[in-house]
Amino acid sequence: MFNTSRTAPAPASLAARQKYDSADVYEALSEIFFDKCYICETKEPHDINVEHFDAHMKDLDKKFDWSNLYLACSRCNNIKRAEFNDILDCCDGAVDVFRAIKHVPPITPYAKSVRLVAMVTDGRTVRSCQLLEKVFNSDHTANKRVSGAFLRRKVFDQYNLLLDEIGSYYEPAATDVDKERALERMKVLIRRSAPYSAFIRWCILDDAELSEMLEGLMD
Ligand SMILES: [Zn+2]
């Protein structure tokens with residue numbers, strides 16, 4: 001998960017209380033969430049939903065409350081439903097959702113699972129970790145098994161991009177220019193706006209040398 005902030009004001013269409021997913025809402029949410037699902041971090045997923053952080057259960061105040069609207073891929077939205085109403089809020093500036101849960105990427109494209117570790121033990125972190133477990137590792141239906149494997153492969157592809165840069169950085173014949181170039185490219189991969197940034201950032205945090213240079217950029 002990644003931290004963000006809801007800087008945009010409520011889109012005009014919400015005031016009419018007719019639709020909570022009009023074009024202006026999508027547009028504002030895309031900006032806030034960098035075109036990513038706030039749960040799995042898939043960038044520009046082919047099916048995206050406006051989702052209610054706190055399930056509205058026909059409560060109109062919750063249904064049209066701007067601060068309750070998030071951007072999620074349909075798969076995560078479907079897994080979360082009202083069952084996970086108590087997860088970490090990535091828009092809450094007081095909470096560091098990225099550091100709360102360690103994301104360990106798959107080490108092969110066809111890995112059976114990824115590892116998610118709650119770094120603190122408060123209820124919301126634990127619940128978020130349980131949700132992420134379901135999102136990345138669950139195989140409770142045939143459909144989820146196939147789409148989960150596809151998701152892990154996409155995470156692996158991004159991790160592989162990082163591995164290329166780590167390889168270039170530590171290559172014995174690397175010049176200062178080579179190292180600088182590799183670092184600049186790693187900086188792109190750890191941006192909040194990048195896909196699967198939590199997985200990529202935790203790889204960097206696990207490296208004694210790279211973490212010293214790059215951790216300061218992990219907002
Ligand atoms: Zn998702």
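## How two helices cross

A crossing of two helices is called left-handed if the near helix is turned anticlockwise from the far one by less than a right angle, and right-handed if it is turned clockwise. In this predicted model, helix α6 passes α8 in a right-handed crossing. Val155, Gln158, Tyr159 and Leu162 from α6 make the contact, together with Phe199, Ile200 and Cys203 from α8. Sort those residues by class and you get six nonpolar, one polar and no charged.

Two packed helices are described by the angle between their axes and the distance between the axes. For α6 (residues 142-170) and α8 (residues 197-205), the angle is about 35° and the axes are 9 Å apart.

Now for α5, which covers residues 123-137.

Which residues of α5 are buried? They are Ser128, Cys129, Leu131, Leu132, Val135 and Phe136. These residues cover an arc of only 165° around the axis, which means they sit on the same side of α5. The buried residues of α5 pack against α3 (74-80), β3 (101-104), β4 (115-118) and α6.

Most residues other than glycine have a negative phi. Arg17, though, has a phi near 55°, and Lys58 has one near 70°.

Where do you find them? Arg17 lies in the segment before α1 (23-32), while Lys58 lies in the loop between β1 (48-52) and α2 (60-63).

Definitions and conventions. Residues are numbered from 1 along each chain as its sequence is written. This is a predicted model: local features need pLDDT of at least 70, side-chain atom pairs count only at pLDDT 80 or more; totals for chains, interfaces and linings use all residues. Axes are lines fitted to C-alpha atoms, for helices over the stretch in contact, and angles run from 0 to 180 degrees between N-to-C directions. Helices (H or I, at least four residues) and strands (E, at least two) are DSSP runs, numbered from the N terminus. Two residues are in contact if their C-beta atoms, placed from the backbone, lie within 7 Å. Ala, Val, Leu, Ile, Met, Phe, Trp, Tyr, Cys and Pro count as nonpolar, Asp, Glu, Lys and Arg as charged, and the others, Gly among them, as polar. The expected span of a helix is 1.5 Å times one less than its number of residues. A residue is buried if 20 or more other C-beta atoms lie within 10 Å of its own, exposed if 12 or fewer, and partly exposed in between; C-beta atoms are placed from the backbone. The arc is that of the directions from the helix axis to the C-beta atoms.
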